Amino acid sequence: MNSKHSKDLARLDRRDLSWYMDRLVQAVMFVGGISAIIFIVGIFVFISKEGFSFLFDGFSFTEFFGSINWRPTSENNKTFGALALIVGTASITGMAMLIAIPFSLGAAIYIGEFATGKTRESLKVLVELLAAIPSVVWGFIGLTIMNGVIIQLFNVPVGLNVLNAGVILGLMAAPIMTTIAEDALKAVPDKYREAAEAMGATKWQVIRQVVLPAAKNGLVSAVLLGIGRGFGETMAVLMASGHSINIPGSVFDSVRALTATIAAELGETAVGSDHYGALFTLGIFLFLITFLINLTADLVVRGIKRS
Amino acid sequence: MDVPKTLEQQTMWRGVLGDSSQPVSGGNPGSGQLKVEMPNQALAIETTKLSLWYGTFQALFDVDFQVKQGLVTSLIGPSGCGKSTLLRSVNRINERLGYVRTEGKVEVLGHDIYAPGVDLTQIRSQVGMVFQRPNPLPVTIRKNILFGYHLHTPRPTTKSEDDAVIESALKEVLLWDDLKDKLNAPAINLSLEQQQKLCIARLLPIKPTVLLMDEPCSALDPKATAAIEELIWGLRGEYTILIVTHNMAQARRASDECAFMLMGKMVEHSKTEDLFVTPEHQETADYIEGKFG
């Protein structure tokens, strides 16, 4: 009796190939799952470590955020004023959003609410293709085509400016914003549309009074992610903005972005120098901003699920 | 109120419900005899040779169907028999799907609603619809009721007009006492019964003549079902009500006329008591006895 019982138990406790396979796969998946956390922490530690040499020695808060003089290589008067760079990034991103928000929300509403069947599917594929265009190609378009167009169209001396970079960045950010906004519209249960239509609402009344309010959180987070994208974009902005340190007075002024500064200068600084540390401090600042924007977007999306 | 089981109980209950309803010309709802004589009753809905296809699948075959004004007419039949499709073609909500083709004629109060140039908004203000799952909009109770009212009122309305509309709509569906203090609460937090009543209430300010109900009680428990049935019976007379139901007992106790559909065809349509007591067709008899479905 007793021996039969233990035999039964032994049969349950079998460790065969599938058991080991299961364990192995679990372990691999676990590593994959937490790798994102490891990388994000690792990156933050790395840029902090490199930036701290400057942050604790030679960093002046008022100069960094208050001065427009970014002269990291000056012989006798080095200054690290990032204000012009911050304003440059902000103005390009602002311009980009002026372009991207109407385009992406319009595209999302068309794809999500109006288009059907093949039109809808092919548009979705095209939008995703657009999101996959390398940023250097966009920068190339800004540098060659947009530059000439702006000079011709507005009769200005330089075509590499806030307008150029903003338009390019707006077109770059629009596809990803469209995709997220369309997901938000798709998440609105169809029964709401049906209810409103059954009461005699027209398509536009349904969209404006029912769908958009219900998808509000998702749409806000799409815009926020677009802004995050704008702050972080480097290559296209470097090529299209004119890359001159300047507080822009109009959209036709050239500016320089935070990201472009790091990309252009980091290769030519001595590791461990003040300049090197200052560039990493710009990196920390960028990292914090994009992190905050993404966090906000995430919290906004969570807001949808709760309600 | 318990769901009545025997015919006698049903009859009594019917009488109780009948008392709260609007008097219907020729009808005698308070007598407890289920007799609703309505000769020459005007038609609210009339379909003529109505056929409907979803893509290549034909869901309705030459359906001729008449719904008399002021009555509750129920549509019964097994799943997939086309009863919901028929109901949904009366306010053309079927067309949302895009791949629907309709042939034949549907007249509401004598107007062909599939005629070219007909305004969908107009049709839907005449023909309100209540769905299987309560579907209040994700806004406040107040805005739910005002939604349709504002759509169909071309001029801006004052707050006192709005308040009056809300009060009378909620009173008509017996929700006013429960909800008058929380009109600004989200409608989706209400109980299912209250949600379904609200879905009926928000149709009333539009002043429809026909109310379509697609299994309005199937998501509700027996007590809520009884409450909604009572409400439907109370709206009878003022509105023409066409109700699709899976529940034969419901059709039997809460409708004046009953139509049985099978495989996209109208098999039989008569007074409810006749259909259940002396069905003319073998299929009807088999279905109401529960031999299939």
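B:Glu46 sits in strand β1 of chain B. Helices (H or I, at least four residues) and strands (E, at least two) are DSSP runs, numbered from the N terminus. This is a predicted model, in which local features need pLDDT of at least 70 and side-chain atom pairs count only at pLDDT 80 or more, while totals for chains, interfaces and linings use all residues. Residues are numbered from 1 along each chain as its sequence is written, and chains are lettered from A and ligands numbered from 1 in the order in which they are written.

Leaving aside neighbours within four places in sequence, B:Glu46 is in contact with B:Gln66 and B:Glu107. Contact has its own rule: the C-beta atoms of the two residues, placed from the backbone, lie within 7 Å. B:Gln66 is 20 residues from B:Glu46 in sequence, yet their C-alpha atoms are 4.5 Å apart.

Strand β1 (residues 43–54) of chain B runs antiparallel to β2(B), and eight bridges join them. One bridge pairs B:Leu50 with B:Val63 in β2(B). Two strands pair if DSSP finds at least two bridges between them. Four strands of chain B make an open sheet in the order β2-β1-β4-β5, with antiparallel pairing. Its edge strands are β2 (57–68) and β5 (111–112) of chain B, and each pairs on one side only.

Another pair in chain B forms a hairpin. Strand β9 (residues 257–262) and strand β10 (residues 265–271) of chain B run antiparallel, joined by six bridges. B:Met261 has B:Met266 as its bridge partner in β10(B). Two residues lie between the strands β9(B) and β10(B), and B:Met263 in this hairpin takes a positive phi near 50°.

Chain B has eleven helices and ten strands. It has 293 residues, and 46% of them count as buried. Take the contacts in chain B between residues at least 6 apart in sequence: 67% join residues at least 24 apart.

B:Phe147 lies in helix α4 of chain B. B:Phe147 is buried, because 23 other C-beta atoms lie within 10 Å. Not counting residues up to four places away in sequence, B:Phe147 touches A:Ala196, A:Met199, B:Leu137 and B:Arg202. The C-alpha atoms of B:Phe147 and B:Leu203 are separated by 9.4 Å, although 56 residues separate the two along the chain.

**Packed helices**

Two packed helices are described by the angle between their axes and the distance between the axes. Axes are lines fitted to C-alpha atoms, for helices over the stretch in contact, and angles run from 0 to 180 degrees between N-to-C directions.

| Helix pair | Angle | Axis distance |
|---|---|---|
| α7 (residues 162–186) and α10 (residues 216–232), chain A | about 155° | 8 Å |
| α4 (residues 83–114) and α10, chain A | about 140° | 9 Å |
| α4 and α5 (residues 159–172), chain B | about 105° | 10 Å |

The angle makes α7(A) roughly antiparallel to α10(A). By their angle, α4(A) and α10(A) are oblique to each other. The helices α4(B) and α5(B) are roughly perpendicular. Angles under 35 degrees count as roughly parallel, over 145 as roughly antiparallel, 65 to 115 as roughly perpendicular and the rest as oblique.

The contact of α4(B) with α5(B) has six nonpolar, no polar and two charged residues.

Conventions. Buried ≥ 20, exposed ≤ 12 C-beta atoms within 10 Å, placed from the backbone. Nonpolar A, V, L, I, M, F, W, Y, C, P; charged D, E, K, R; others polar.
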